[in-house]
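Here's a quick tour of how the chains in this model pack against one another and what sits inside them. Have the structure open as you read.

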Amino acid sequence: MKKLLQIALGVLTAIGGFVDIGDFVTSAVVGARFGMSLAWAILVGTLGIVVYAEMSGRVAALTKRAVFDVVRERLGVRFAMANLFSAYFINLLTLTAELAGVAIAIELATSVNYLLWVPIVGLVVWLVVWKLPFEVMENAFGMLGLCLLVFIIALWQLGPDWSGMLDHASHPTVPQGEGHPTWWYYAIGLFGAAMTPYEVFFFSSGAVEERWGRQDLITNRLNVFVGFPLGAAISLSIMACSALVLGPLHVEVSHVSQVGLPIALALGKLGVAAMLVGFFAATFGASLETLLSAGYTFAQYFGWTWGKAASRPREASRFQTVLLISLFAAMALALTTIDPVKVTEYSVVLSAAALPLTYFPILVIANDRGYMGDKANGWFSNTIATGYLVIIVAVTLVTLPLMIATKAGM
Amino acid sequence: MADQILYAGRQLLDRQIATSEGRSVGKVDDLEIDLDQPGGPVVAALLTGQIALGARFRGRLSVWVTSIAQRLRASGDLEPRRLDIRLVSSVAATVTLRVPHGDLPPADLEAWLAEHFIGRIPGA
Amino acid sequence: MSVRGLVSACVVLAICAGCASSSRTDDDYRHKVANTAETLNGVLGTVELALKVTTRAPAPFLSVTFAEADDDASATASNFDAIQPPSAAADRLREQLDQVMQGTVSMLDDLRIAARRNRMAELADLAKPLRSLQDKLDKLEGVAG
Amino acid sequence: MRITDLIGKPAVHDDGTALGTVQDVRLVREGPYGEAAGLRVDGVIVGKGGAAVRLGYASPDLTGPWLLTAVLGRRARHALFVPWSELTVEDERLLVHAVRDSLRHPREVGP
C-alpha cells in the first residue's frame, strides 16, 4: 500500500514536473501562430523523452550512475567537457527563464513588476536547495503543478470542433503567409522543449539519490509512461486553447498573460487563479530542477560529492558553490530586463541542437550487457531509440542554419 | 577467468571512486604505473583531481583545469592526488575503496571552499 | 574547440536576431509598413480579448495585460519610426501608419491607466476607437500586395 | 608513467609499418585487491578503432543497437593485442617487436 502511494506520488510529481516554461510558452506561441499544424512535434518529442528518460532511469537503477557520469565515461574527457559547457550554458538560460516565470506568475497575481520579484524568488529557491527537505518541496510543487490541467478543462469548455481540429493536426500543412523554414524552426522548438536534457539529468540523479534498484524499474516505467504523456496533454491543450482563441485575432504571443486569456474567457477568475498557481508551481519546480542539474553536471563530470551523500552543505562545498554561482548568474541575466519569453525560445531551440551529446551515451550504455545484464535494451526500445538518434542528429545539423535563415523565427 | 582481465581505459579510467560508505572521492582521472616491479609493470595508484585531469587536455583548457587546483595547494607542489592501489576494494561501475571518508585527506578545492566560502554561510 | 564554436555561434545569432535593417526601396518599405500593422493588429487582438474578460479575470492580471499591450505598441511604434522612408510615396504611407499608431498608443495609455486604478467599468468606453483602428490596420496590412 | 601517456600513442612495428594507436591497456588481476602488485600491466591494444573502442564496441558486452554495432563494431574490429614484453615505450611512439603474424585480436588472447 505504501509502495502504491509512493508510485502515485511519483507519477503526480512527474506530471507537474514535466511542464515548464519552455513547454508552456512554446506551445502557446505556436498554437496562436500555426494552429494545430505542429501538434505532431509535441507528440514526437514526447515519445523521444519517454524512451530516453526510461533508459536513463533504468541505467541509474542498475548501475547507480546518473547520466552525466555515463556521459564522461563513454564520450571521454574532451567530448564530455564540450557537453558540460553546452549543457551548462543551456541550463543557465533555462534557469533564467524559469526564475522569471515564477516572478511573472507573482506579477500577474499582484500587478507588481516581475523584476522586483526575481531576487526574492532567487532567495527562496536557494533556501530550498540549501536546507529544506527537498523531496517535500518537490512533491508539493509537483502536485500544485497539476493545476495546469485547467487548460484541458478550458479547452473542453471552449467547445472546439474536435474532428476539425483532429483533422488539422493529423494533416499538417504550413499556414498561409508562413514560410516552411519558420514552420520547421518552431517544430524544432517544440521538440527541444519536450526533450530538454535537464529532464534526464535531474530524473536520473533523483533515481540515484533515491537509491533505486532493480525492484524500482516498475516505478521508473510508470513515472515516465504516465508523467510525460500527461505533460504532453497539457502542452497540447495549451496549444489548442491558443489556436482557438488567440489565433483568429492574430495575437503574437510574447507574454505569459496572453496565454491566460483563453482561460479567463472559458472559466473566469477561478480558472485564471488555478492557471497562475499551476504556472507558479511548475516554474518553481523547474527552477529547482534546472539549478540542481547545473550542479549535477559539474559534480558528475569531476566526481564531486553531490546531493544527499553530503549530510551538510559544507561537505559538498564544490557542488554548493556551483549552485550559488549559477543562481546568481541566472538572476543577474533575468534582471537585465532580457525578455523571458525570448530567453525561453532560445533555450529550447539551443537545447534541441545539443541533444546527441547527452542522448547518444545513454543509448550506448543501455545496451552494455556488462552493466545492464538482462535489463539491457530489447529490440523494441532499440528500434525506437535508434530512430530518435537519427532524428536528433538531423535536428542538430539543421538547427543553427534554420535559426539564422529565419532570424530565430521572426 | 574473464573477470581477471581489466581494460584500463574502458573499465577503470573516468569511473567514479567512492569510499567504503559510498561517499564520492573523485574520478579515476589517471592511473600511475610502476615500471620497476620484478614481475613486470603494475598499476601503483589511482590519480584523481584536477591536476591529474588537466594533464589529459591540451592547450588553454589544460591550463585552466589545472591552475585552479594548483593555486589552492598550500605546498605549491604539482603532484596529483594519489590513491594507492591497495586502497581499492572492488572495481565495477564504481571503483570502491576499502576506507571510509574520514580516513582520506579531503580534496583541496572542497576543503578550501568549505573553509572560506560555503562554511561561512549559516547552516552549513 | 566545439565549445568555442558554440559560444561564437550564439553570439553571432544574437546579433543577427537583434538587428533591424534599413529599407532601400519602396517595396521594402511597404513590407515594413505591412509587418508593423500586423504586429499592432495582434496587440489590438490581445486588447480585444482582454476587454471581453474584464469581469472574468482578476484585476491585477488585467492590469498587467493592458500594461504589456501598451508597452508592446509603443515599442513597435518607436521601432517603425526609426526606419527611414525612401521616397515621397513612402512618406505618405508613413504618415498614415503614424496616425493609427498614435491613436493606438493613446488609447492603450488610457486603458492602462484605468485598469491600473481598477476602474474596469470605464474600459469599454475608453476602447471605443478599437474597431476603427483595427479596420485601418487591416488596410495597411494589405499595402505590401 | 601514467596510463594516459600510453593511450593514444601511435604504435609502429619494428619493420616500420604503422599499427594505429594504443586504444587501451590490458591489466590482469593477479591477486585480490588490496595487494601492491594486484593489477599487472599485461599489454596494450593497438588499432584504429578510436572512438568506437572508447564507446565499448570492441567488447562482446555491447550487442546493440544494430545501427551502431554495424557502423562502430566494424571500426573496432581490427585490433591487436601486443604483450608488454614485446614492446618498447618511446617518447613519441610505441615500438612493437613481435613477429607480426603472431599478433592476435585481444579476444583470442587469454590472460
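## Chain B against chain A

Between chain B and chain A there are six salt bridges, each being a side-chain nitrogen of Lys or Arg within 4 Å of a carboxyl oxygen of Asp or Glu. One salt bridge joins the side chains of A:Asp69 and B:Lys27, at 2.2 Å from N to O. Keep in mind that this is a predicted model, where local features need pLDDT of at least 70, side-chain atom pairs need 80 or more, and totals for chains, interfaces and linings use all residues. Residues are numbered from 1 along each chain as its sequence is written, chains are lettered from A and ligands numbered from 1 in the order in which they are written, and side-chain values use heavy atoms, leaving out hydrogens and water.

The rule also picks out 15 residue pairs in polar contact across this interface, both at pLDDT 80 or more. (A polar contact is a pair of N or O atoms within 3.5 Å; within protein, one must be able to donate a hydrogen and the other to accept it, and residues adjacent in sequence count only if both atoms are side-chain atoms.) On the chain B side, H4(B) supplies the largest share, five residues. Chain B and chain A bury about 2900 Å² between them, 55% of it on carbon and sulfur atoms; that's accessible area (1.4 Å probe) lost on being put together, summed over both parts. In all, 34 residues of chain B contact 32 of chain A, with contact meaning heavy atoms within 4.5 Å.

## Chain D against chain A

Here the count is zero salt bridges, and three residue pairs are in polar contact, both at pLDDT 80 or more. Twelve residues from chain D and 16 residues from chain A take part. The pair buries about 1100 Å², 65% of it on carbon and sulfur atoms. In chain D, the residues losing the most area to chain A are D:Arg54, D:Leu55 and D:Pro65, together 45% of what that side buries.

## Nonpolar cores

A nonpolar core is a set of buried Ala, Val, Leu, Ile, Met, Phe, Trp, Tyr and Cys residues joined through side-chain atoms within 4.5 Å, where buried means under 20% relative accessible area (1.4 Å probe, protein chains only). The largest has 214 residues, and A:Phe24, A:Tyr52, A:Phe151 and A:Tyr301 touch the most other members. A second, separate core of 37 residues includes B:Ala8, B:Val28, B:Leu46 and D:Ala98.

Conventions. Buried < 20%, exposed > 50% of the residue type's maximum accessible area, 1.4 Å probe, protein only. Buried area = accessible area lost by both parts, 1.4 Å probe. Helix = DSSP H or I, 4+ residues; strand = E, 2+ residues; numbered from the N terminus.
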